[in-house]
Amino acid sequence: MSSMGKLRVLILDFDGVVIESNSVKSEAFRWLFGQFPEHRDAMLRFHEENVSASRFVKFDHLLKLLGREKDSALRDELAVKFSSRVFDEIVRVPLVPGSEELLRTFLSKVPIYLASVTPEPELLEILSRRKLSHWFSGVYGCPPWTKADAIRAILANEGATKNEALLVGDSAGDQRAAQDTGIHFVARDSGLPFASPSPRTFPDLHAVLKYLRVTFP
């Protein structure tokens, strides 16, 4: 990645970057996979190794272990159970410290987008319930968007180059999406691992904002 130029687009991950929701989702996966005790440990390992992957990637892996890869009814049932389990808690978890200040600061400077592995309809409903929708110029969930494809669509929508965009994420999946699309990346440390070489990492969005103010005055 080349040195940073002028920032024209800011992209945020949601879980672990805007709201403190990672533990809620990990607990929901433990509960859901516990209903399949013969595969519980394998699924929890798969979740930990692919923590930033879409929930549907994890459901498909469970279906494979069960020998029911074409069982769309079970896949849909898992999705409904997971969403029902997490939704009420997700709308109540606290914001990541500094997230509202960062959003308020950059709202008048550049368009801010959200790119998450949460299914897009659910993500839009969460944003509406939490009264966060107004911060974002666009919202991309998965499905239908992979994070890398969401970034490419955002760049095209804004007519921005990859050197003019920055993603704030909290996982190796976010880091990989930024690398795959060639945009800048900084990390919020929510406790999830990153790939080597480690990205520039900050404890919360107060620190990210301080860094961005210096880097993109």
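This is a predicted model: local features need pLDDT of at least 70, side-chain atom pairs count only at pLDDT 80 or more; totals for chains, interfaces and linings use all residues.
## Leucine 12 and its contacts

Set aside its neighbours within four places in sequence. Leucine 12 is then in contact with Val17, Val18, Leu102, Leu103, Ile112, Tyr113, Leu114, Ala115, Phe136, Leu167 and Val168.

Leu12 also belongs to the largest nonpolar core, which holds 53 residues. Within that core, Leu10 and Leu12 touch the most other members. Helix α4 (residues 72-90) gives this core its largest share, 7 residues. There is a second, separate core of 17 residues. Among its members are Val9, Tyr113, Ala150 and Ala177.

## Strand β1 and its two partners

Which way do the side chains of β1 point? Val9 and Ile11 point one way, and Leu10 and Leu12 point the other way. All four are buried.

Strand β1 (residues 9-12) runs parallel to strand β2 (residues 112-115), and 3 bridges join them. Here leucine 10 stands opposite isoleucine 112 in β2. β1 also pairs with β4 in the parallel sense, over 4 bridges. In that pairing, leucine 12 stands opposite valine 168 in β4.

## The whole sheet

These strands belong to an open sheet of 6 strands. The order is β3-β2-β1-β4-β5-β6, and the pairing is parallel.

Helix α8 (residues 172-181) lies across β4 (165-169) and β5 (184-188). It runs at about 170 degrees to β5.

Helix α7 (residues 147-158) has 12 residues. From its first C-alpha to its last, α7 reaches 17 Å, close to the 16 Å expected at 1.5 Å a residue.

Which residues of α7 are buried? They are Lys147, Ala148, Ala150, Ile151, Ile154 and Leu155. These residues lie on the same side of α7, because they cover an arc of only 160 degrees around the axis. On the other side of α7, Ala156 and Asn157 are exposed.

What do the buried residues of α7 pack against? They meet β1, β2, β3, β4 and α8. After α7 comes glycine 159, with a positive phi near 65 degrees.

Methods:
Residues are numbered from 1 along each chain as its sequence is written. Side-chain values use heavy atoms; hydrogens and water are left out. Two strands pair if DSSP finds at least two bridges between them. Helices (H or I, at least four residues) and strands (E, at least two) are DSSP runs, numbered from the N terminus. Contact means heavy atoms within 4.5 Å. Axes are lines fitted to C-alpha atoms, for helices over the stretch in contact, and angles run from 0 to 180 degrees between N-to-C directions. The expected span of a helix is 1.5 Å times one less than its number of residues. Buried means under 20% relative accessible area, exposed over 50%, partly exposed in between (1.4 Å probe, protein chains only). The arc is that of the directions from the helix axis to the C-beta atoms. A nonpolar core is a set of buried Ala, Val, Leu, Ile, Met, Phe, Trp, Tyr and Cys residues joined through side-chain atoms within 4.5 Å.
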